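The following paragraphs lead through selected sites of the structure shown below.

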Amino acid sequence: MAKSSELPHDDLYKIRHSAAHVMAQAVLELYPEAKLAIGPPTSTGFYYDFDLGKDDAGKPRTFSPEDLEEIEKRMRRIIGGQHPFEFREVSGDEAAALFADQPYKQELIAGLRQGQVDEMGDELDEPAPITTYRQDAFEDLCKGPHVEHTGKIPGDAVKLLSIAGAYWRGDENKPMLQRIYGTAWRNKKELKRHLDLLEEAKLRDHRKIGKELEIFTFDEEVGPGLPLWQPAGAAMIRELERLAEEVEDRNGYQRVRTPHLTKEDLFVRSGHLPYYAESMYPPMELDGVKYYVKPMNCPFHHKIFASVQRSYRDLPLRLAEYGTCYRFEKSGELFGLMRVRSLQMNDAHIYCTEEQFRDEFLAVIGLYLEYFELFGIERYVMRLSTHHKRGLGKKYVDNERLWLETEDMVRRAMQEADIPYVEVTDEAAFYGPKIDVQIESAIGREFTLATNQVDFAQPSRFDLAYVAPDGGHKTPLCIHRAPLSTHERLVGFLLEHYAGAMPVWLAPRQVRVIPITDEHGEYATRLAADLKARGIRAEADLADDRMNAKIRQAQLLKIPYMAVVGDREVAEGTVALRRRDGSRQNGMPAAELVALVEERIKTRSAEL
Ligand SMILES: [Zn+2]
Ligand SMILES: [Zn+2]
């Protein structure tokens, strides 16, 4: 989710932000004991975090769905009151007195005075003035902006959606708060459109489709965040790897393979320890040596670069590997295939000279665009994440000159190639700036799919060098890239994007041959075997069910082609073809079916 400070301060921002304040007032009226945390607008609405204290059993008190209705009712009354939003600036001491019984606000006030975080929890560069907004009898720490008065919030376009637990400041050692999510729009029609989209998103949820199509599963004994790919999922992965290998072969990449484990020293050298330690699995110790499972493939590729003497003639050197990495994501943050602990990445590292950087960088961006076209991804945003001074030596490698130079190099490359991007500070990788690619699925859900990072730190940490034309030794630049993201995230995205109805080449099951009666079983089996011999994922459905049940089953599995065979088809050597979209074609010669499927696969066509 974008930080609230990055959202445009337009009319929707004001409506949503104002609705958050109104919700907080409503909650406080209904639960005078509630403690208020923060309540920013989001890209579709708003939320607010509350602490309702503990129940008799000592557990955090929670809201129920019925409570939401009550709160919503109360909000409508406040909206109807047309209370103006009034702004004022207060001194630190005034603020402390004003929010005397609100401990979370006290923490935020301290943050504003010291210049750490603002009232939304976003980091600050310097101490900020303390300002409030007041409507009716409710006053909140806030820098706005808001609508003029509560009556400007369209009451019939606001809806409270859900309740979730959220730790104060996202820190699991801090109190668990109750977050209420709401959505707010300009009018009833916009609200309805959004609610319909949420319904559609629920139907397309990759966890639901993944289960129905038997793509992946999790098992408690294996562990959270460690997906098991079922045959259908593995078939999709095989196709994605084929795609990556073809494209990368064509673009001058070379494939390498590296182990899952390494000695601690390698990650100390790379700087992952200590910079990245929180996201790594703890070490295992053997004969006094610590070993880690890898969270990234980079250090291994650097070692391959260093394994032989390189000259400028060898550059650019592009090393690719679908490497399996392990990252210790917090259990509260695991989410289906989107956030997992084991992941297979479409990884590659490009080592190049400074002169080659621009072309290499743009070629990588070109790969992204090629894949977007293939998958019909029409809307995407490229975000350039840069460093922030205050993180130097902490979350960023401590070399400001190199940061500025590299960031400038990326910016220039993007501008010269006329590629639209937005810039965000303080979101870079620890060794250099990165481009995050955010894409939208067919129904407009956002995903961060891929990153593309420039690295000016690791090559020198690894003493990587090449012999320059003048005989001297120079350090190469390194580009980390993964346009197809990880298998986990990409498959998760594609399941939602296509609502499970994958294009033929990617469909885990491509053809199902359906005999009308037992008598046609032999012909069906032979036909399926012919298709399989050509590398097509086909099977004959020889179950005892009636034909219609078999067709229904194939439809549920979103199989692109159903080849129905009966007396006539057996006699003529044909099939009655039913496509997933319901269209039919009778009397199609079996050879024509084979040719059709082969053509769709070969061209990776989106057509059925
Ligand atoms: Zn506010
Ligand atoms: Zn890397």
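Along the chain, the donor residues of the zinc ion (ligand 2) are spaced C-x50-H-x130-H. His 349 belongs to strand β16 (residues 342-352) and His 480 to strand β23 (residues 477-481), so this pair ties together parts that are 131 residues apart in sequence. Helices (H or I, at least four residues) and strands (E, at least two) are DSSP runs, numbered from the N terminus. The zinc ion (ligand 2) is coordinated at 2.0 to 2.3 Å by Cys 298 (SG), His 349 (NE2) and His 480 (ND1). Donors are N, O and S atoms within 2.8 Å of the metal (3.2 Å for Na, K and Ca); because water is not among the atoms, sites may look incomplete. His 349 is buried, at a relative accessible area of 0%, and His 480 is buried as well, at 4%. Here buried means under 20% relative accessible area, exposed over 50%, and partly exposed in between (1.4 Å probe, protein chains only).

This is a predicted model, in which local features need pLDDT of at least 70 and side-chain atom pairs count only at pLDDT 80 or more, while totals for chains, interfaces and linings use all residues. Side-chain values use heavy atoms, without hydrogens and water; residues are numbered from 1 along each chain as its sequence is written, and chains are lettered from A and ligands numbered from 1 in the order in which they are written.

Which residues coordinate the zinc ion (ligand 1)? They are His 17 (NE2), His 21 (NE2) and Cys 142 (SG), at 2.0 to 2.3 Å. These donors follow the spacing H-x3-H-x120-C. His 17 lies in helix α1 (residues 11-30) and Cys 142 in the loop between β5 (138-141) and β6 (158-167), so the pair ties together parts that are 125 residues apart in sequence. His 17 has a relative accessible area of 1% and is therefore buried; Cys 142, at 2%, is buried too.

The loop between β25 (538-540) and α16 (547-556) holds Asp 544. Is this residue, Asp 544, buried or exposed? Asp 544 counts as exposed because its relative accessibility is 76%.

A further loop, between β19 (434-440) and β20 (446-455), contains Arg 445. With 31% relative accessibility, Arg 445 counts as partly exposed. Arg 445 and Ile 215 are 230 residues apart in sequence, and their C-alpha atoms are 21 Å apart in space.
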